[in-house]
Amino acid sequence: TLPSVSHILSDAPMLLRRVRENPIAAIGQARVYTLQVMFVLLFVYIVSPVDIVPERVLGLLGLLDDILVLAAVFVFLLATVR
């Protein structure tokens, strides 16, 4: 079963510390590569003018999709390290 989001977030500081200290030992080489690719794609998506919901059209509401993508990647990171 999948852990709840609140459970994942409560473990976040410890899990992120483990990854920062020794990422390969914490999650394995293949997952380190996957996460690196995800973060590059996340960065490109956030700074890209191409967007699912453009900020220019909907203002602050347009930032919602960026925030949701960022949150999804963060939860994926925490679930992967777990």
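How many residues does helix α1 have, and how far does helix α1 reach from its first C-alpha to its last? Select residues 5-21: helix α1 has 17 residues and reaches 24 Å, close to the 24 Å expected at 1.5 Å a residue. The expected span is 1.5 Å times one less than the number of residues. Helices here are DSSP runs (H or I, at least four residues), numbered from the N terminus.

Before going on, note that this is a predicted model, in which local features need pLDDT of at least 70, side-chain atom pairs count only at pLDDT 80 or more, and totals for chains, interfaces and linings use all residues. Residues are numbered from 1 along each chain as its sequence is written, and side-chain values use heavy atoms, with hydrogens and water left out.

**Stop 1: along α1**

Select Ala12, where α1 has a kink of about 55°, shortly before the proline Pro13. The bend at a residue is the angle between axes fitted to the seven residues ending there and the seven starting there.

Now select Ile8, Ala12, Leu15 and Val19, which are buried in α1. Buried means under 20% relative accessible area, exposed means over 50%, and partly exposed is in between (1.4 Å probe, protein chains only). An α-helix has 3.6 residues a turn, so residues three or four places apart point the same way.

His7 also lies in helix α1. His7 is partly exposed because its relative accessible area is 38%.

**Stop 2: the nonpolar patch**

Select Val40, Phe43, Val44, Ile46, Val47 and Leu70, which make a nonpolar surface patch of about 550 Å². Such a patch joins nonpolar side chains (Val, Leu, Ile, Met, Phe, Trp, Tyr) within 5 Å, from residues with over 30% relative accessible area and no salt bridge. A salt bridge is a side-chain nitrogen of Lys or Arg within 4 Å of a carboxyl oxygen of Asp or Glu.

Helix α3 (residues 29-47) gives the most to the patch, with 5 residues. Val44 is found in α3, and its relative accessibility of 45% is why Val44 counts as partly exposed.

**Stop 3**

Go to Asp65 in helix α5 (residues 63-81). Is Asp65 buried or exposed? Asp65 counts as buried, because its relative accessibility is 9%. Beyond its neighbours within four places in sequence, Asp65 is in contact (heavy atoms within 4.5 Å) with Tyr45, Asp51, Ile52, Val53 and Glu55.

Select Val53 next, in the loop between α3 and α4. Val53 counts as partly exposed because its relative accessibility is 24%. The C-alpha atoms of Val53 and Asp65 are separated by 6.5 Å, and the two residues are 12 residues apart along the chain. With neighbours within four places set aside, Val53 is in contact with Leu58, Leu61, Gly62 and Asp65.

Terms used: Helices (H or I, at least four residues) and strands (E, at least two) are DSSP runs, numbered from the N terminus. Patches are made of residues with over 30% relative accessible area and no salt bridge: like charges are joined within 9 Å, nonpolar side chains (Val, Leu, Ile, Met, Phe, Trp, Tyr) within 5 Å. Accessible areas come from the Shrake-Rupley method with a 1.4 Å probe; for residues, only the protein chains shown count as cover.
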